[in-house]
Amino acid sequence: MWLYLVALVGLWTLLRLFRERQVVSHLQDKYVFITGCDSGFGNLLARQLDRRGMRVLAACLTEKGAEELKSKTSARLGTVILDVTKTESVVAATQWVKERVGNRGLWGLVNNAGIAIPSAPNAWLNKQDFAKVLDVNLLGMIEVTLNMLPSVRKARGRVVNVSSIMGRVSFFGGGYCISKYGVEAFSDSLRRELSYFGVKVAIIEPGYFKTSISSGDIHLPIVKMLWDQASSEVREMYGEKYLTSYLTLLKSLDQKCSEDLSLVTDCMEHALTSCHPRTRYSAGWDAKLLYLPMSYLPTFLTDAIFYWMSVKPAKAL
């Protein structure tokens, strides 16, 4: 009985490996539009796909980011300035893409642009703090997708949305985890809708990686500012000791993050180039071995783990 089960699992694994290694033909003729290419995953993916001969259309937030990217890539790669929070910018970028892809359509849309600031205990924040993150990570992503969909449908292409393992397990307050849960939900509904038109949707769920989003140097001054702006009641409830421990945790964040961004961009590339892409990609050993399994635990167990691991406020019961 066990021998048959092992053989069945082995056969399924071999079949899966065979299917996943089948590559889409004529990649050199396919256009891919990537948001958030100034740095991090988007920047590396743009260079990676360019080396592979694909026609990359890279969206950057700044002129400086665009110029630096063009200096490291071939003449095939095109750049456009895009602020995903501004409708006029999204519309202009969409028109720019249509002019370049023509009747071929857009093979790949990679929604990578994102921010994580401000992130802090929810009680330290206001509505605008949440909205700032949601506008980029969720609402901006949705608007870009809706504008690009006609071109993607024409090519029967791919949509690759960058979520996070924080879209499975909410670790901290602020808009980041909320936005990533939203990315997961939007991607699931989009995948089911677009399956009728031959379009595939994949979700990338990275763990902790060393990018500008996870930089302690960026988070530290923001957290200090949020603490100073918090009410006296909130500061008394959490206490200075909590703040000190929280800042220490942020300082050590860089050391806990993987520096190998290719673990994430390889997943993105596979989602764009494989004949049979996965629905979800968990990138990084922390995602695969810790956070993803944790997301399947009963809620009371996950809560208990967080309670045991986290710093306690001064007024905690």
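Me: Why is helix α4 called roughly parallel to helix α5?
Reply: The axes of α4 (residues 87-101) and α5 (residues 127-155) cross at roughly 20° and come within 10 Å. Angles under 35 degrees count as roughly parallel, so α4 is roughly parallel to α5. The axes are lines fitted to C-alpha atoms over the stretch in contact, and angles run from 0 to 180 degrees between N-to-C directions. Helices are DSSP runs of H or I with at least four residues, strands are runs of E with at least two, and both are numbered from the N terminus. The model is predicted: local features need pLDDT of at least 70 and side-chain atom pairs pLDDT 80 or more, while totals for chains, interfaces and linings use all residues. Residues are numbered from 1 along each chain as its sequence is written, and side-chain values use heavy atoms, without hydrogens and water.

Me: Which residues of α4 and α5 meet?
Reply: In α4, T87, V90, V91, A93, T94, V97 and K98 meet E143, V144, N147, M148 and S151 of α5, contact being heavy atoms within 4.5 Å. This contact has six nonpolar, four polar and two charged residues.

Me: What makes α5 and α6 roughly parallel to each other?
Reply: The axes of α5 and α6 (residues 175-194) come within 8 Å and cross at roughly 20°. That angle places α5 and α6 in the roughly parallel class. Among the residues in contact are F130, L134 and M141 of α5, and I178, V183 and F186 of α6. By class, the α5 and α6 contact holds 13 nonpolar, five polar and two charged residues.

Me: How do you know that G284 counts as buried?
Reply: Buried means under 20% relative accessible area, with a 1.4 Å probe and protein chains only. G284 has 8% relative accessibility, so G284 counts as buried. G284 lies in the loop between β7 and α11 (285-295). Y208 is 76 residues from G284 in sequence, yet their C-alpha atoms are 7.5 Å apart.

Me: Which members of the largest nonpolar core touch the most other members?
Reply: They are V32, I34, A46 and L49, out of 32 residues. Elements that each supply at least two residues of this core include β1 (31-34), α2 (40-51) and β2 (55-60). A46 touches I34, C37, V56, A58, L69 and L77, leaving aside residues up to four places away in sequence. A second, separate core of 28 residues includes L106, L109, V136 and L194. A nonpolar core is a set of buried Ala, Val, Leu, Ile, Met, Phe, Trp, Tyr and Cys residues joined through side-chain atoms within 4.5 Å.

Methods:
Parallel < 35°, antiparallel > 145°, perpendicular 65-115°, else oblique. Nonpolar A, V, L, I, M, F, W, Y, C, P; charged D, E, K, R; others polar. Buried < 20%, exposed > 50% of the residue type's maximum accessible area, 1.4 Å probe, protein only.
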